[in-house]
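Welcome! Here is a short briefing to read alongside the model.

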Amino acid sequence: MINPEEAKQIILESTEMLESVELNLIESTSRIASENILTKLDLPIWNNSSMDGFAFILPENFDINDESINKFIISGNLFPGDEYLPIVNKGEAIKIMTGAPMPPKANCVVPIENAKIIKNDDSEFVIFTKQPKISDYIRLKGSDFKKGENIITVGQKIRPYDIAKLAANGINKIKVFPQPKISIIASGNELINPGETLSASSIYDSNSYSIASMVREAGGIPDIIGIAKDEISSIESNLRNAIDSDAIICSAGVSVGDKDFIKEVVSEQGKINFWSVNIQPGKPFLYSHIQGRGKEIPFFGLPGNPVSVMVLMIKFVIPAIRKMQGDESVYPKQTKAILAEQIVNNSKRNMFARVKIENINGELIAKPFNNHDSHIISSFSESNALANIPENCKILKAGAEVDVEIFDNSNIL
Ligand code: AMP
Ligand code: MG
């Protein structure tokens, strides 16, 4: 039996990041970048107007009250996308639209709201109603991004805001770590799928669904292979259907019961890294590698109790799935909290109890659930963290500081 820290270390050290792929921008959303990207542009590419208005050369000592100089001939129009850039001379103004490049020599834009247009028989003039100054309403070349600037860093999760950056800089593809494909197998003669009709001896397979949902939330692509009977041949055939994946997660049949054949089958097909962890719940946890298609793939054999499954997924399997995608950030988040009520640990193992953590006046308070049994799924519904009661601690009293691992931030922030 190994300790939980050791188990996690063995898993993470043996987990490889998947080979990176080049994706279109939209497909790269939420993936982790596997390359640094430097922009090849100054952005904006040229000085341009930030308003619909008039571009002109601002005379020295310009004063809107001086009628002899506050009068400009409107000498042309300029729209974004126009190929021809008009020349503006002193005493002239070009009507310019937002985003159009500044005409050469023009050093000021006055918005249309601050201008009055006067029409003569054959020409139009503009008079400004608010004192302008040099550089007004001009977006300068390179004021957003400078050529050579790093805009994406390896290990960064691509967010919609990053997609905006990439597209604006003319980049349409990015190398990222792909989503791992995870095969999920349930085992047990008693299991049927949700939606099917119960018989006197059946229960619903909830593990495959909780596992698949957690895999998906962690960025993986779950593939529910099916339910294996408690027979060697059935387990083998389900395993054969799972070899086209990046990892296999199996629940139940991994303990010491008379029909627990998972370990036997897996040890014939590959190598066992460990079996049995000093943890409550989840002790008969099996980690091994089996031959997949073209590569060795990790096999996580979880005990069948639904709570054990979720605890082991949170603590061990999800961090591995995140690492396959290039995400090495610490998960679940480790911190300390104050225990609101005592927790009794009868297991003589490292207990991970479901708690609800709340931030009360800046202090993290952990409220445990009364029933810590491994079949009580309902106690998970409100919990957002696991509290660690060490193996040698029989009772951790109310008010004690406790190590917690937060897997859901939503009640806390
Ligand atoms: P086992 O690990 O096979 O000894 O199973 C332990 C407990 O988990 C038993 O009560 C099983 O009926 C239950 N169990 C096993 N597989 C599942 C599953 N996929 N969904 C829900 N409960 C399960
Ligand atoms: Mg069983």
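A backbone N or O atom of Asn207 lies 3.3 Å from a nitrogen atom of ligand 1, a polar contact (a pair of N or O atoms within 3.5 Å). On its own, ligand 1 exposes 490 Å², and the protein buries 75% of that (Shrake-Rupley method, 1.4 Å probe). This is a predicted model, where local features need pLDDT of at least 70, side-chain atom pairs count only at pLDDT 80 or more, and totals for chains, interfaces and linings use all residues. Residues are numbered from 1 along each chain as its sequence is written, ligands are numbered from 1 and chains lettered from A in written order, and side-chain values use heavy atoms, without hydrogens and water.

**Around the ligand**
- Ligand 1 is surrounded by 15 residues, and Glu190 and Gly304 are among the closest (a heavy atom within 4 Å).
- Asp205 places a polar side-chain atom 2.8 Å from a nitrogen atom of ligand 1.
- For Ser206, a backbone N or O atom lies 3.0 Å from a ligand 1 nitrogen atom.

**Domains**
- The domain assignment, automatic or from a database, gives domain 1 (4–18 + 179–324), domain 2 (21–42 + 145–177), domain 3 (48–139) and domain 4 (333–406).
- The centres of domain 1 and domain 4, taken over C-alpha atoms, are 25 Å apart.
- In domain 1, 15 residues are in contact with 17 residues of domain 4 (heavy atoms within 4.5 Å).

How values were computed: Polar contact = N/O pair within 3.5 Å; in protein donor to acceptor, adjacent residues only side chain to side chain.
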